[in-house]
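The following account leads the reader through one structural model, moving from the contact between chains to the elements within them.

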Amino acid sequence: MTAELVRGQNHPLSQVRLEIRISAGVPVLAGATLGDEHGTVHGAPWVVHPGAPTLPGIEVSGQAATDHRLAVDLAALPEAVHRVSVLLALPERPGGPLRFGAFAAPTTVVTGLDGTGIVRFTLTGLDAESAVVALELYRRQGAWKVRAVGQGYAGGLTALLADQGLPQPGDLAAQIQEAVTRSLARAIPAPPPQHVPDAATPAPMPSYDSPDAHDVPASGGPVDYTHSHRRTHTAPPPPPPTAGPAPDDQPAQPVAGDAVGWSMEERLYNQVWGMFEDLARTTAAYRSAVDFADSRLEKELDQVLSDPRSRLGTAGDVAREAAHARHSQLVDQARAALDRDLAQLTAESEVVEPALPLAYARWDNPVWHGYRAPAEPPLALRLGDLHLPESVSLRIPLLVRLPLERGLWIDSGPVAGPDDTIPDPAELRRLAMEAAVALAARLLAVHPAGEFAVQVIDPAGAGAQALQPLTRAGALVAPPATGAAGVTDVLGRLTRHVDLMQMAIRGGAAESLPPDIDTAQQLLIVNDFPHGFDDRAVTQLRYLADEGPAVGVHLVMVADREDAEAYGPLLDPLWRSLMRLTPVPDDHLADPWVGHAWTYEPSLVPPGSSILQQVLAEVTAARTKRR
Amino acid sequence: MSVNLTKGQAISLEKKDGATLTAVRMGLGWQAAKRRGLFGSRTREIDLDASAVLFAEKQPVDVVFFRHLVSDDGSVRHTGDNLVGGVGQGGDDESILVDLQRVPVHIDQIVFTVNSFTGQTFQEVQDAFCRLVDETNGQELARYTLAGGGEYTAQIMAKVHRAGSGWTMTALGTPANGRTFQDLMPAILPHL
């Protein structure tokens, strides 16, 4: 597998003869500076560039091109060289835009001589820069490593060379540019660009470039296919799906984001689901082997019993022992295979967990400490953790796509606890409400300020204690609705909201919604159902559960199904339409591949941590600022 | 170098440098035999289906075919059903990937079969072959070409079985009759 590097990450190089492949959306020139053990570049002879394309151990192309293949032989480099900085720059063109931000992000791949990828690094996030140090190969204790750098220079090649400590960087930069121009004159003119916007024609999405224009709806163009909520600011064309399945003989080192996707967020999402599937499957392999060993043992023991010869003497004992030995041998083998896979998944989990963005991160992840309201909504949300009894310590995040397709039901009914003890019902209700509050806080925090609103129905005020983090921070739209009147009022308003939103969407007339309709996504937490509910309210709730998700109205029920027993089978469709979660670990979720029963555990704030208050304070502050 | 197998021949799936294979792909390709006198719109298409049956000591444990594309343990994957054949023009039409290292320890044989789902006999199939490819570098390890079609609707192509610490492939090439692998079970058992 080609390791996908992020900025600053390094990777060992086991081969000395390498090829560095560079592909960019526009012709670029490639070069390298050679530094000694202190990183000093001793003048122009230590720079390999289109005007001087060869030095011992390294060769670059003599001209600018969209694709480069730099040949590097680390063993042939002079002994004094300890660092090779690979640089890219845009060739000077009269009137041409000299900024990487206008083009697709360049990609660099370091491969072995046989073309197998070792590392890949996509230089995302470049904007006004016209020169960039892409990679650095460096010698550390006799071994070479590669580091993803991605340091751009808005001052161009001159600034880059000056930063490398070269005397008269301007002269050298001019010399390099001149060599490129000369070779361009010799070269066959390139075919008209296909997907690269030419300098003369403005880029089709100019609004990305000016930071204040990204919210203006695109107008004038024929059809705007961009998603109104998914605009990136710096790198409009996301790099193509990377992390290809290149074979590699070395043991795969887990890397966060090692999956396909258009963004790191999507890659991590896919990686987590990949880990989920792998764990499901490797456990299935283990269980089927153990089952087989068990049934074989049983059969063999039966045979021993039914064989009259084994009744006499020690023959029976020998046969029984042999059967047990065969059983334990197979089980041991299966366990070894499982342990090998678990070790790999655990190592992967250890690099993936810290790299997760807010919406996927556990509450104890340090990413929450630097919390700022995000600019766009996330792709998915962590609902909690999943694990299997064979690997209790390996927790897989349970990620669901946003917006939620169906409502959630946090079951406050009796659930067998970890050691078959049934926690106290009052305690369960409190825990269920806490899980709902943590979930609501997470949803509030991961949406841009003002794009998500939470309302609560708490008829008897039983959840007031658990709701404190939300109420104290002022994160709710209105205080929790209490009493039958409160229930009727909130449900009535939300029903009208859903109704109007549906009409507006069908008619394509979002602008004619009444001003009191908040177009933000809505989350309704219902505690103590069906206390305080009349038949009309129950019908309205079912309407919200069915029709709400399509127009951004979501439901979290904190309820014990037994409490609503009086309604009989009438409410069965409601429960079925909700995704059931539990406030305490419980194995009720099945995976889509093998159907194992997974133990779900909600994602709760660690006891004693004030992170929830911090984050919610920030959420409220961001919302006030916006108004 | 690829080995052209004959019926009953076995090869050890070990690399020349002694390393064992990690992932192999069983590729299957076929073309409908050309028949004269038919309207172009009625070129007869033949739907052959590749299946892999996983055995533990002669008991079928799992099967990978067009309706169960991945074995429960994830080690054997079918890349998907091809209903007409001949798309690869000599390339593979259906493939089954086997991650040999992750095959559960109790599975000791994997039998690959081909069935004619549409009911035509192999007389109407031409250039049918199965080949075993080292998935890590795309090299073909062994190829078995079906000699002359006959009046039967299925073929038990080959089996891959554990031998010592590694795996061995044996070309079986036994004709049989049946629409899906279930019908072939009696014909497979003698080869285990």
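The model is predicted, and the account begins where its two chains meet. The contact between them draws 14 residues from chain A and 12 residues from chain B. On the side of chain A that touches chain B, two elements each give two or more residues: α3 (264-306) and α4 (315-355) of chain A. Of these, α3(A) supplies the largest share, namely eight residues. Sorted by class, this side of chain A comprises 10 nonpolar, two polar and two charged residues.

Elsewhere in chain A, a pair of helices may be considered. Two packed helices are described by the angle between their axes and the distance between the axes. For helix α7 (residues 483-507) of chain A and helix α8 (residues 535-547) of chain A, the axes come within 10 Å and cross at roughly 35°. The crossing of α7(A) and α8(A) is left-handed. On the α7(A) side, the contact is made by Val487(A), Thr488(A), Leu491(A), Leu494(A), Thr495(A), Val498(A) and Gln502(A). The residues of α8(A) that meet them are Ala537(A), Gln540(A), Leu541(A), Tyr543(A), Leu544(A) and Glu547(A). By class, eight residues of this contact are nonpolar, four are polar and one is charged.

Attention now turns to chain B and its sheet. Strands of a sheet pair through backbone hydrogen bonds, either parallel or antiparallel. In chain B, six strands form an open sheet with antiparallel pairing, in the order β2-β12-β11-β8-β4-β5. Its edge strands are β2 (10-12) and β5 of chain B, each of which pairs on one side only. From one strand to the next, the twist averages 20°. Within this order, β4(B) and β8(B) run antiparallel and are joined by eight bridges. Val53(B) has Val111(B), in β8(B), standing opposite.

Which residues of helix α1 (residues 181-188) of chain B are buried? They are Phe181(B), Leu184(B) and Ile188(B). Viewed down the axis of α1(B), the buried residues fall within an arc of 55°, and therefore they line one face of the helix.

Technical notes: Residues numbered from 1 in each chain as written. Chains lettered and ligands numbered in written order. Predicted model: local features only at pLDDT ≥ 70, side-chain atom pairs only at ≥ 80, totals over all residues. Buried ≥ 20, exposed ≤ 12 C-beta atoms within 10 Å, placed from the backbone. Helix = DSSP H or I, 4+ residues; strand = E, 2+ residues; numbered from the N terminus. Arc of directions from axis to C-beta. Axes fitted to C-alpha atoms, helices over the stretch in contact; angles between N-to-C directions. Left-handed = near helix turned anticlockwise from the far one by under 90°. Contact = placed C-beta atoms within 7 Å. Nonpolar A, V, L, I, M, F, W, Y, C, P; charged D, E, K, R; others polar. Pairing = 2+ DSSP bridges.
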